[in-house]
Amino acid sequence: MPHIVYLHGFNSSELSAKARETAAFLDQRGLAETFHCPRLPPHPADAIAAATALLQKLPADTLLIGSSLGGFYASWLAEALGLRAVLINPAVRPDRSLAAYIGPQTNPYTGEQYTLDEADLTALRRLAVERPNAARYWLVLGTADEVLDWREAVRHYRGARQTVFFGDDHRLARWSECLPGVLAWAGDECRERVDET
């Protein structure tokens with residue numbers, strides 16, 4: 001069974017609901033040792049460096065799961081390291097969407113305080129994947145996402161496998177329904193296709 005690395009989103013942590021659901025699902029199947037969910041540093045350049053360092057210690061067939069900003073990071077890592085990734089409501093251009101958050105921040109999960117600045121937006125622009133290889137990705141999207149426009153991800157990852165949950169939001173309450181399929185996909189038991197649920 002390949003290892004799985006879960007990358008959380010902006011101002012989130014390994015304590016997020018989807019990360020915990022994923023960990024519990026794998027633990028129940030005796031696969032706890034294959035799951036990794038690092039607490040990513042708040043600054044993009046540091047987050048990518050930390051994730052890259054972890055992935056370099058893991059097998060070459062490791063599967064990425066990235067949520068929101070973590071989905072953006074997962075795209076860059078998938079292309080740079082030749083991996084596959086499940087993207088949950090991924091940010092496509094976070095340099096734009098996070099511009100409104102420039103200034104002091106407090107992570108509600110960890111209490112960490114930091115400042116998001118222009119250097120962070122520049123780092124995000126440098127990490128943008130303009131032409132993702134659709135074969136690497138499975139998108140899981142909610143049409144009622146109150147944070148990001150799900151249609152932007154549909155366009156950006158055109159040709160990738162996509163599961164769209166109508167009426168689900170950014171938290172993606174129906175994520176647990178995808179976990180059996182994710183486990184199968186990680187083991188190469190699935191083929192690329194476009195799904196609508």
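Two residues are in contact when heavy atoms lie within 4.5 Å. Keep that in mind for a moment. What we have here is a predicted model, where local features need pLDDT of at least 70, side-chain atom pairs count only at pLDDT 80 or more, and totals for chains, interfaces and linings use all residues. Residues are numbered from 1 along each chain as its sequence is written, and side-chain values use heavy atoms, with hydrogens and water left out.

Back to contacts. Among those in the protein between residues at least 6 apart in sequence, 68% join residues at least 24 apart.

Next, the overall picture. The protein has seven helices and eight strands; these are DSSP runs numbered from the N terminus, with helices being H or I of at least four residues and strands being E of at least two. Its radius of gyration is 15 Å, close to the 16 Å that the globule rule gives for 197 residues, so the protein is as compact as a globular protein of that length. That radius is taken over C-alpha atoms, and the rule is 2.2 Å times the number of residues to the power 0.38. Of the 197 residues, 53% count as buried, meaning under 20% relative accessible area, with exposed being over 50% and partly exposed in between (1.4 Å probe, protein chains only).

Now the sheet. In general, strands of a sheet pair through backbone hydrogen bonds, either parallel or antiparallel. In this model, six strands form an open sheet in the order β2-β1-β3-β4-β7-β8, and the pairing is parallel. Strands β2 (35–36) and β8 stand at the edges with a single partner strand each, so one side of each has no neighbour in the sheet. Two strands count as paired if DSSP finds at least two bridges between them.

Let us walk across part of it. Strand β3 (residues 63–67) is joined to β4 by five bridges, and S67 stands opposite I88 in β4.

Why is β7 described as largely enclosed by the rest of the structure? Because six of the six residues of this strand (residues 137–142) are buried. On one side these are Y137, L139 and L141, and on the other W138, V140 and G142.

β7, helix α6 (residues 150–156) and β8 make a right-handed β-α-β unit. Right-handed means that, with the strands pointing away from the viewer, the path from the first strand over the helix to the second runs clockwise.
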